[in-house]
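Thanks for coming, everyone. Please have a look at the model on the screen, and then we'll walk through it.

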Amino acid sequence: MGRKDIAAEYQGLEVKVPIFFRCPISLDVMRSPVSLCTGVTYDRASIQRWIDSGNNTCPATMLPLPSTDLVPNLTLRRLIALWASTAATSSSSSPAPSAVGPTPAAAAAELLRQIADHSEDPCPALHKLAAFLSDDDVDEFDKNALARATGAAETLVSVLRRRRADASAEAAVRVLAVIAASDCIEEENRKRVATALAADAASSVASLARVLRKGSSLEARMDAARLVESLLRNARPDVKATVAESGEMVGELIRLIGPVDEKGGLDKQAVEVGLSCLATIAGTRRARSEMVRLGAVPAAVRVLATDAGSPSQALRVLEATVGCAEGRAAICEMADAAIPAVLSKMMKVGMGGAEAGVSVLWAVCHKYRDRRAVDAAAASKGGLTRLLLLMQSGCSPATRQMASELLKMFKVNAKSCLAGYDSKTTHIMPF
């Protein structure tokens, strides 16, 4: 049908599409333009289907493809978004239908309006936002456009702080957590979430602790912990102190790294995010004492003993707890389990975790010389071997000194620990 055949009343709604906005395969306006190594740009969905069908040539040039990597054409994507927005508002009467549908900015603005309206239930709009951000088929450009929309983070956080509905708070936490933890979201947009949470840190911490306590699922509780992690990573020292001084938050993070079923099983992802938060806030004296009181030591030892989560973070938590008398007492009370667990993981983590393990052993065995800890270390098979290997692995001078002092102490006080030196490798003793 030619232009002259179009009824006069509809001619004003016709959208002129620049030819280079169209995909060479589908001939539709590209939603997610990506370029092949040949330099030709296609819509992601169309070219992906072409490649998945077993084709190894460029559809437009028929040249062989040495690589099937798809590189986002962000410049063209922005031009299409700008054109679509202009086309949608160019009519003087009713808006013309955009060839690509609502732009991400327009869609986000409408959803955020619904969320901000206190007279409406925000859950449906929040679920749509979460699904949009979690969809692998949605272009990263669109996700970041939504995340950087003016007032987006602040609106979502305002829902979290409402006390009238736990369901809406969980839904808001889900959207915020996807933005804060997704690799496809630009760092600047992730920081917007932390900034919005930090604007009223006390209220945010209380709201997140409430979701951690009352969350309807483990996933909802982990989402809340991921937001705490983002807040701790990007916020000011005073905001970190607010998190550390919340007994309710500390207790819920410790509960998160604990058993999740009747058999005492641990969830690896929950343990990792919970330990990350605890290791970060453990630097303050007040937080250390509270963590010990609420059971951080047995929880961290359980993680080391069960190979769940990050042993390096668990060692960092224990390293922080030995900085207070209550923490040292808690470790020594369960020395038969704690000391072997620390020794067994020292050479299975990175250097940071290994050095944290040495600090724990040095504090309870050498500096404070608790007999229960010394006996447990002496009875641990391979203890001397691990300390020697650590000293030969390029550790820091301070760690090397602590390991040397531990070796001397074991040699003098525990002859039985020499039986644990079962390596067939020849080592030079450092004393």
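Start with Cys 332. Cys 332 counts as buried, at 4% relative accessibility. Buried here means under 20% relative accessible area, exposed means over 50%, and partly exposed is in between, with a 1.4 Å probe and protein chains only.

A word on the source. This is a predicted model, where local features need pLDDT of at least 70 and side-chain atom pairs count only at pLDDT 80 or more, while totals for chains, interfaces and linings use all residues. Residues are numbered from 1 along each chain as its sequence is written, and side-chain values use heavy atoms, with hydrogens and water left out.

Now Cys 58. Cys 58 is buried too, at a relative accessible area of 0%. Its sulfur sits 7.9 Å from the closest cysteine sulfur, in Cys 37, and so is too far for a bond.

Next, the overall picture. The chain has 23 helices and three strands. These are DSSP runs, numbered from the N terminus: helices are H or I with at least four residues, strands are E with at least two. Of the 431 residues in the chain, 49% are buried. Take contacts between residues at least 6 apart in sequence: 65% of them join residues at least 24 apart. Contact means heavy atoms within 4.5 Å.

On to the core. In soluble globular proteins, nonpolar side chains tend to be buried together. The largest nonpolar core here has 119 residues. Those with the most contacts inside it are Leu 227, Met 249, Leu 278, Ile 281, Leu 318, Ile 331 and Ile 339. Helix α8 gives the largest share of this core, 10 residues. Another core, of 18 residues, lies apart from it, with Val 17 and Leu 70 among them. By nonpolar core I mean a set of buried Ala, Val, Leu, Ile, Met, Phe, Trp, Tyr and Cys residues joined through side-chain atoms within 4.5 Å.

Look at Leu 278. Leaving aside neighbours within four places in sequence, Leu 278 touches Val 250, Leu 253, Ile 254, Ile 257, Met 291 and Val 317. Val 317 is one of the buried residues of helix α17, residues 311-321. Leu 318 is another of the buried residues there. What do the buried residues of α17 pack against? Six helices: α14 (268-281), α15 (285-293), α16 (296-306), α18 (325-333), α19 (335-345) and α20 (351-367).

Now a charged residue. Glu 252 lies in helix α13, residues 247-256. At 10% relative accessibility, Glu 252 counts as buried. Again leaving aside neighbours within four places in sequence, Glu 252 is in contact with Ala 209, Leu 212 and Arg 213.

Last, the backbone. Most residues other than glycine have a negative phi. Met 62 has a positive phi, near 60°. Met 62 is in the loop between α2 (44-52) and β3 (71-72). Arg 369 has a positive phi as well, near 50°. Arg 369 is in the loop between α20 and α21 (371-379).

Terms used:
A disulfide is a pair of cysteine sulfur atoms within 2.5 Å.
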